[in-house]
Amino acid sequence: MAAPSQLNPVEFLRHKRDGGEHRPSDISAFIDAFVAGNVADYQASAWLMAAFLKGLSRQETLALTQAMLHSGSVLTLPSVKRARVDKHSTGGVGDKISLCLAPLVAACGVAVPMISGRGLGHTGGTLDKLEAIPGFRVDLDAKRFERFVRDVGTCLIGQTEKLAPADRRLYALRDVTATVECIPLIVASILSKKLAEGIDGLVLDVKCGGGAFMKDLKSARALAQALVSVGKGAGKRVTALITDMSAPIGRTIGNALETREAIEILQNAGPADTRALTLELGAEMLVVGKRCKNRKEGLPLLERALADGSALAVFRRLVKAQGGDARVVDDPSRLPQSKTKLVVTAPKSGFVTGIDALALGLLAIELGAGRTRADQKIDPAAGFELHATLGERVQRGTPLITIHAASPTLARSVEARVARTYSLGTRVVRKKPLILARLD
Ligand code: URA
């Protein structure tokens, strides 16, 4: 089947509808025309559905990524002389890792320019967690972004109007045309934004399990492989870890609560799984940034930066630079606190055999910790504090989880459903490993 020689949007659509493979130049012309307003939203939507149904090859995905990347400005961060490496997570419940990881890796000598997102579906967003810190600004321009990456070692902001505008417009169409769950479209969407940050390399945390978008290892592996392959095709050093998301990460869900936990990690404390995941991703970032040869060399550097306070010092500088109240770093009780705290206790004695991360993520949205519409205001203090986690033994009547809510009525409205997210059994279950697979 011959590809269309000149871009005619209708022929372009027909080509994909009939299972053809696009030439990179046609994909680029289509995206340029879409951004310029010469391809209508209904035509772009029809193409997205055709791509969803017929798929895109690696070459097409790479061409789409490049076209979306170059639809806006691409940062180069010339004044940042250190290696620049970012991390991207495909989204989980209780995933506060970016908040502690970015300053930790920066403290070890690799710069971390990070453009993050807000909550998506049942998963939380880094920007919402940072904004729980009074005064913290995530809407910085490219100049200040570069200055803080250079001087502080890291900066975390939201996507600006100028970065990958094709992704913003295509994502809005995908959201309402049932074309989100498509690996090539997800890959182009994620990578076009990440490549616009001026990075040398990227570490991907592809979440797998009930609380993730990828529920099983096969689909998580397919996404990870596509991300690594297209990222490398774009000339970047890329590694992916597939990590377990069958239960929430750490002991907190909700913006201020998660920020507090991330600070605890930087204070060389905090839950073991949050710390372990931070260290594993950090070691990968140091390898990608050529700060060390392998993970084994990277881990002690990171542990030292937690123990000697240098990672916490970078976080303090980051908060100050981005306009936040840096006193929270030493006194997290200054973070927003909920008016109501309702403790849910174990209905019987036994071992915790399961915690439904997806259900808790959705219940957190009901408490106001996330959004169901883009214009909704969130409650930074709302969420859950987990007292018992997978594999732990509990006695009847001991606390399982505390609901943090704006009112007793709101807390009580979710209480019974929160209690049902815990499964208790007579035998201890074997925990899944934190890292399910590694791809590079
Ligand atoms: N996150 C993104 O940025 N894009 C997608 O398509 C899915 C998740």
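The side chain of Lys16 reaches the backbone oxygen of Gly55 at 3.1 Å. The structure described here is a predicted model. Lys16 belongs to helix 1, which spans residues 9-17. Its relative accessible area is 2%, so Lys16 counts as buried, the limit being under 20%. Leaving aside residues up to four places away in sequence, Lys16 touches Glu21, His22, Trp47, Ala50, Ala51, Lys54, Gly55, Leu56 and Glu60.

Four strands form an open sheet in the order 6-9-11-7, with antiparallel pairing. Strand 6 (252-253) and strand 7 stand at its edges; each has a single partner strand, so one side of each is left without a neighbour in the sheet. In general, strands of a sheet pair through backbone hydrogen bonds.

The pairings are set out below.

| Strand pair | Bridges | Residues standing opposite |
|---|---|---|
| Strand 6 and strand 9 | 2 bridges | Ile253 and Phe384 |
| Strand 9 and strand 11 | 4 bridges | Phe384 and Ile403 |
| Strand 7 and strand 11 | 6 bridges | Thr340 and Ala405 |

Strand 9 covers residues 383-386, and strand 7 covers residues 340-345.

Strand 11 (residues 399-405) is mostly covered, with 6 of its 7 residues buried. Helix 15, made up of residues 357-367, lies across strand 6, strand 9 and strand 11. The direction of helix 15 is at about 135 degrees to strand 9.

Notes. Residues numbered from 1 in each chain as written. Predicted model: local features only at pLDDT ≥ 70, side-chain atom pairs only at ≥ 80, totals over all residues. Heavy atoms only, no water. Buried < 20%, exposed > 50% of the residue type's maximum accessible area, 1.4 Å probe, protein only. Pairing = 2+ DSSP bridges. Polar contact = N/O pair within 3.5 Å; in protein donor to acceptor, adjacent residues only side chain to side chain. Contact = heavy atoms within 4.5 Å. Axes fitted to C-alpha atoms, helices over the stretch in contact; angles between N-to-C directions.
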